[in-house]
Amino acid sequence: MSVSAMFAALQGALGQDQDIREVRDGPGRAGRAPGGPGRGGVAADGALCPQEIRKVVQALEQTAREILTLLQGVHQGPGFQHIPKKCQKAREHFSTVRTQMESLKTKFPADQYYRFHEHWRFVLQRLVFLAAFVVYLESETLVTREAVAEILGIEADRERGFHLDIEDYLSGVLTLASELARLAVNSVTAGDYSRPLRISAFINELDSGFRLLNLKNDSLRKRYDGLKYDVKKIEEVVYDLSIRGLNKEAAVGAGGEK
């Protein structure tokens, strides 16, 4: 499925999720938990909430840092030669993420996902980015929301409990775009002149996909606005290759190893 087709399919579900958020964050209630104070305490059924959630989220943040540190090695010259090995190790770390997610699910009532969503929203977006980066490095394709949910050990469908919110998925994908812009620059430094061309084609398709979405979330819309700078940065890399005649060399070697 093309990136544009994926995003077209997301639009309907995105609209539903945004409507749910608008109801949840009605007048005077934005950022507050329904039925209680903004910083919560203990759920009505006695389940531990904020403190226990924070402990698990901190563990997830540490695992995310470890995965990020591992994947940052691809930006170094020799790192390109070890991409398969780094991706394999990253996937091993995701098994820890799945265990931690299972623990997080037990820390709040299943029907109060959005009440406590702010606790794990940031780390979940970071994990989406990391999963998307691994999949891109492996196959140079965009990972689907369903595939990310499977990697993280959560659901794609909000009706089934702890799930991957569409806006969190999209935020992670936008972070991927910034990382690929950086990778395009470092690819040239490492003498890999064909990779920026492939990254450029991918990012342009990603940009086209986002243009299909009606983004109501101010934060997400601002992050999407930053995508144009990633596109521009990669275009500048490709242009520089062109004027130096290196794009022709890249085209000749495009049939080789990625």
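**Notebook: salt bridges, core and helices**

I began with the charged side chains: Glu140, Asp192, Arg195 and Arg198 are linked in a network of salt bridges. I took a salt bridge to be a side-chain nitrogen of Lys or Arg within 4 Å of a carboxyl oxygen of Asp or Glu.

I noted the basis of the entries. This is a predicted model, in which local features need pLDDT of at least 70, side-chain atom pairs count only at pLDDT 80 or more, and totals for chains, interfaces and linings use all residues. Residues are numbered from 1 along each chain as its sequence is written, and side-chain values use heavy atoms, with hydrogens and water left out.

**Entry: the network**

I looked up the pairs. Arg198 and Glu140 form a salt bridge with their closest N and O atoms 2.8 Å apart. This pair links distant parts of the chain, since Arg198 is in helix H7 and Glu140 is in the loop between H4 and helix H5 (145-152), 58 residues apart. Helices here are DSSP runs of H or I with at least four residues, strands are E runs of at least two, and both are numbered from the N terminus. Arg195 pairs with Asp192 at 3.1 Å between the closest N and O atoms.

I then checked burial, with buried meaning under 20% relative accessible area, exposed over 50%, and partly exposed in between (1.4 Å probe, protein chains only). Arg198 and Glu140 are both buried. Arg195 and Asp192 are buried too.

Lys55 counts as exposed because its relative accessibility is 52%.

**Entry: overall make-up**

I counted 10 helices and zero strands in the protein. Of its 258 residues, 48% count as buried. I also looked at contacts (heavy atoms within 4.5 Å). Among those with a separation of 6 or more, 78% are between residues 24 or more positions apart.

**Entry: nonpolar cores**

I used "nonpolar core" for a set of buried Ala, Val, Leu, Ile, Met, Phe, Trp, Tyr and Cys residues joined through side-chain atoms within 4.5 Å. The largest one has 73 residues, and Trp120 and Leu170 have the most contacts inside it. Helix H4 (residues 117-139) supplies the largest share, 14 residues. Another core, of five residues, lies apart from it and includes Val188, Tyr193, Val237 and Leu241.

I listed the partners of Leu170, leaving out residues up to four places away in sequence: Phe7, Leu10, Leu14, Phe210, Leu213, Leu215 and Leu220.

**Entry: Asn214 and the H8 region**

I located Asn214 in the loop between helix H7 (195-210) and helix H8 (218-225). Asn214 counts as partly exposed because its relative accessibility is 44%.

I next took H8 with helix H9 (residues 227-243): their axes come within 4 Å and cross at roughly 15°. Axes are lines fitted to C-alpha atoms, for helices over the stretch in contact, with angles from 0 to 180 degrees between N-to-C directions. H8 is therefore roughly parallel to H9, as angles under 35 degrees count as roughly parallel, over 145 as roughly antiparallel, 65 to 115 as roughly perpendicular and the rest as oblique. Arg223, Tyr224 and Asp225 of H8 meet Leu227, Lys228 and Tyr229 of H9.
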